[in-house]
Amino acid sequence: MNIDSWDTLDDEVRQLEFRTWLFRGHHDATFELKTSFYRMLEDIEILIEKQKGKTLKLLKDQREKILLERFQSTAHLYIHHSLPNKGGSYENRLEWNAIMQHYGTPTRLLDMTLSPYIALYFALEAGSSDCCVIAFNHKILTEFDKKGFGNDDYREEVFNNRKGSKSFIIPFEPSIKTERLLAQQGLFLVPSTNYETFNYILDLYDLGEEACIKFLIPASLRFEGIIRLQRMNITTTALFP
């Protein structure tokens, strides 16, 4: 959806139900949705190919497991609030991934916010080209998966590399909050595989704007948008306490 004025964006997001729609901003409108973990391993594969002259596909799930174990083994030395159990339940692994994400470790979690204007901040904070805010209706995605899988237990398969036609995306809001997560009204979307991009999985849902809307914002609106956000106190100081 092309946005030709900030009033147009206001009108559009006002119609989206709070907590049903999640938002994410990108400073480049052409950016493909990939998790930080996916992008990291993608870069490593490219570097290996350039060095060895042949393609090597990494065992991504195994590397994710190693990354988690190494983080868990030292976290108590630096983090002085309560930590999740190290048990293998998917809820515990998601809680650990949220903490890892907070400290800059690449994970399969995709940062989201409940606020379209906080998402807009991340779209406008850098760059000078056309940018975008993407909105996801997580309830539509969940209802679609419940019908397809027949129950709620499919969520427990989120770390079991369910890919292709069996892939899915779940929302996740950590029970252990950080100051930054609270300030940014943050939560996450989580894919069931490390081997596919978010764009690929969303295309499999084939739900159109019922589940996902991309608001395209031209570069000509950037400066005015930054001023608007400052007046709303959506600034670096407020979002990164």
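Which helix and which strand each supply at least two residues of the lining of the second largest pocket? Helix H8 (198–205) and strand E6 (212–217) do. The model is predicted: local features need pLDDT of at least 70, side-chain atom pairs count only at pLDDT 80 or more, and totals for chains, interfaces and linings use all residues. Residues are numbered from 1 along each chain as its sequence is written, and side-chain values use heavy atoms, with hydrogens and water left out.

**View 1. The second largest pocket.** Its volume is about 200 Å³, the space filled by probe spheres set on grid points joined across faces, edges and corners. A pocket is an open set of points on a 1 Å grid over the protein atoms alone where a 1.4 Å probe fits, with protein on both sides within 12 Å along at least five of seven lines; lining residues have an atom within 4 Å of a point. Of the 13 lining residues, Leu 33, Asn 199, Leu 202, Asp 203 and Cys 212 lie nearest the centre. H8 gives the largest share, four residues.

**View 2. The largest pocket.** This pocket holds about 740 Å³ of space. Its lining has 34 residues, with Arg 24, Gln 101, Asp 111, Phe 122 and Gln 184 nearest the centre. Elements supplying at least two lining residues each include strand E1 (21–26), helix H2 (36–52) and H5. Helices (H or I, at least four residues) and strands (E, at least two) are DSSP runs, numbered from the N terminus.

**View 3. Helix H5.** Eight of the nine residues in H5 (residues 116–124) are buried, meaning under 20% relative accessible area (1.4 Å probe, protein chains only). Among them are Pro 116, Tyr 117 and Leu 124. At the N-terminal end, Ser 115 caps H5, with a side-chain oxygen 3.2 Å from the backbone nitrogen of Tyr 117.

Key
Buried means under 20% relative accessible area, exposed over 50%, partly exposed in between (1.4 Å probe, protein chains only). A polar contact is a pair of N or O atoms within 3.5 Å; within protein, one must be able to donate a hydrogen and the other to accept it, and residues adjacent in sequence count only if both atoms are side-chain atoms.
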